[in-house]
Amino acid sequence: MPSNEAKPAVKRALGTCYYPEHWPEELWPDDAKRMRAAGISHVRIGEFAWAQLEPASGKLSFDWLDRAIDVLASQDLKIVMGTPTATPPRWMLDKHPDMLALDAEGRPRKFGSRRHYCFSHEGYLQESRRITELMGERYGSDPRIVAWQIDNEYGCHDTTLSYSMAAQSRFRSWLAQKYQSPDALNRAWGNVFWSMDYAEFDEVDLPNMTVTEPNPAHVLAFRRFASDEVVRFNAVMARALRKWTDAPLLHNYMGRVLEFDHFAMGADLDIASWDSYPLGFLMDRIDCDAETRAHYMRQGHPDFQAFHHDLYRTVGQGRWWVMEQQPGPVNWAPWNPAPLPGMVRLWSWEAFAHGAEVVSYFRWRQPPFAQEQMHTALLRTDNCDAAALDEVKKVARDIETMPEAGTAKANVAIIFDYVSQWAWEIQPQGQDFDYFNLVFSAYSALRRAGLSIDILPSDTQDLSNYKLVLVPGLMTLGDDLKAAISAFDGQVILGPRFNTRNADFRIPQKLPPDCDLIDTQIVTTETLPPGAAIAAQGDGSVIRWWEHLQGGAPVQIATPDGQAILVGDRIKYLAGWPDDALWDRLLATALSDAGIYRLQLPKGLRVRDTATHRFIFNYGADVARFEGRAIEAGDFIHEPLTTKE
């Protein structure tokens, strides 16, 4: 994982997603010229074209793709080649009728859309390896192919978990490798409860369609297994390509798709990319009140894109792209507003300020057919420029004049852990307790303070470059992170719900957090329904999650009747889920103790520091004033960093 050091500047570039198989071949040359004229230099192709590349089993048809590459490269466009395994053709189902994933009710995820495969199906895995290697053999040494995207949006449409026979068979083998004996599994899972003991691994079913909730240890093991299956699938494709190409390999992750461990997958790839749809995500994937959604309806949430920029920068070990940037209304959210003028440019530059090498817009031309007819692109269906294309051209001109500035050295880090997300989904205790939302609330509070943030995995071994580290909601504290925190001399905030289960979903022998880092214990946990809150002395309240503590750690923040909310000295424990006011208050103190300068930002204004410059973005719906300057809605400014920052 990348260290917290300033990184040298990267060459910024723009891209788009293109589907030559969708358009008459005589249109390709004009498309290529218009892309280049708009300042676009990278074009992703091929990721959904399996039926065109292999219309029947073993009958290959690459000539059209050869010609498309020739046309695009004639305009000096760089090709990102997608492997087409997200869309297996219809003949594949005839060849492998049991390749479909099954949902938790045992129903097949049928042909007629995309991502209709089970990661555990060995036949489909080998078919995918075969087409990937054929593409690598044909194009791997072509210098016009500058990167490879493997598959497309793993996990999208709830396609990580499969309850098929293939998954059941591989899960049983996975359990046998992990636990070695049924007795060890029974002890680890506590199967004495409700007479759930197994005599053989072949007796273990998948944890679906049980009368009431299954054993949470069983479900968590299945979630770990399912994540490993996605990572395994991707690793097979990566190995197939590396035989033929030295070009970097990447995958396009999604926003708030958390069903597999992206850090584990990133270890097999060279670049992380993600698909950024700020307005779609605001309507579809962000838990916020109606007032917030209305205020940011045309801008997107001011922290959601930044969170994923920081996450995927780490997943990519310092290298990351935006593979799909929203250019206008999408088709898949419950409601699909148009962005405020200037927002496409703002989103692009916020990505660059976070260290993106490429920002690529989805897509070049809006299709007049099939599922994405209502998904805006850079061209309209009548082939005329869509509204966003002018902003893309402006970004291209900006690149020529904006300062080159590498990724900044962050003073603050947040630990993020996919296993904790799965665990608290399995047993949330409170209906609205969600690990992602807890971490995101901490991240947003740091952004409101004007900070640049690193997001680190839970096996991080060195925190020495930071001044403040937050570890909210981590299910299990591993040895590496425990040693790193012990050796760290900066400020640390642990909790809530920190280290409350071991790796097999069992409460530790001592009361949590049971880590020898702080003298406190959780003796009772309660969850609070919407509208209920526990006030803190001074500003702010605890919402959703509330732990009763005992121990010798000094109390820093308490309720009016003296119950501890925040305890400790340099290492502190947070016993509840803070509302925004309490987050702002406790972080103001922590940042002061850490010697980190905190900004007072108007609503909707956000800051990102590069190595040499500060970018200030206005996500608000109105003009914002900051330090004597006015920033229009949907606009940003940049300035050299001063010694104060």
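Which ring does the charged end of Arg544 sit over? That ring belongs to Trp577, and the charged end of Arg544 is 4.5 Å from its centre. Keep in mind that this is a predicted model, where local features need pLDDT of at least 70, side-chain atom pairs count only at pLDDT 80 or more, and totals for chains, interfaces and linings use all residues. Residues are numbered from 1 along each chain as its sequence is written, and side-chain values use heavy atoms, with hydrogens and water left out.

**The barrel**

- Eight strands make a closed barrel, in the order S1-S2-S3-S4-S5-S6-S7-S8, with parallel pairing; strands here are DSSP E runs of at least two residues, helices are H or I runs of at least four, and both are numbered from the N terminus.
- From one strand to the next, the twist averages 25° (axes are lines fitted to C-alpha atoms, for helices over the stretch in contact, and angles run from 0 to 180 degrees between N-to-C directions).
- S5 (residues 249–253) pairs with S6 (residues 271–276) in the parallel sense over 4 bridges; two strands pair if DSSP finds at least two bridges between them.
- Tyr253 stands opposite Trp274 in S6.

**Thr16, inside S1**

- Thr16 lies in strand S1 (residues 13–17).
- Thr16 is buried, with a relative accessible area of 0% (buried means under 20%, exposed over 50%, partly exposed in between, using a 1.4 Å probe and protein chains only).
- Leaving aside neighbours within four places in sequence, Thr16 is in contact with residues including Met35, His42, Tyr361, Trp364 and Leu378; contact means heavy atoms within 4.5 Å.
- A polar atom of the Thr16 side chain lies 3.4 Å from the backbone nitrogen of Trp364.

**Rings and charges**

- You'll find 48 aromatic pairs in the structure (rings of Phe, Tyr and Trp, using its six-membered ring, with centres within 6.5 Å; planes under 30 degrees apart are stacked, over 60 edge-to-face, the rest tilted).
- One of them is Tyr277 with Phe281, edge-to-face at 6.2 Å centre to centre and 90° between the planes.
- Tyr277 and Phe281 are both buried.
- Arg365 lies over the face of Trp23, 4.7 Å from the ring centre; a charge counts as over a ring if NZ of Lys or CZ of Arg is within 6 Å of the ring centre and within 35 degrees of the ring normal.

**Helix H7**

- H7 (residues 182–189) is largely enclosed by the rest of the structure, because 6 of its 8 residues are buried.
- Those buried residues are Pro182, Ala184, Leu185, Asn186, Ala188 and Trp189, and they pack against helix H6 (165–179) and helix H8 (216–242).
- Just after H7, Gly190 takes a positive phi of about 70°.

Note on methods
Polar contact = N/O pair within 3.5 Å; in protein donor to acceptor, adjacent residues only side chain to side chain.
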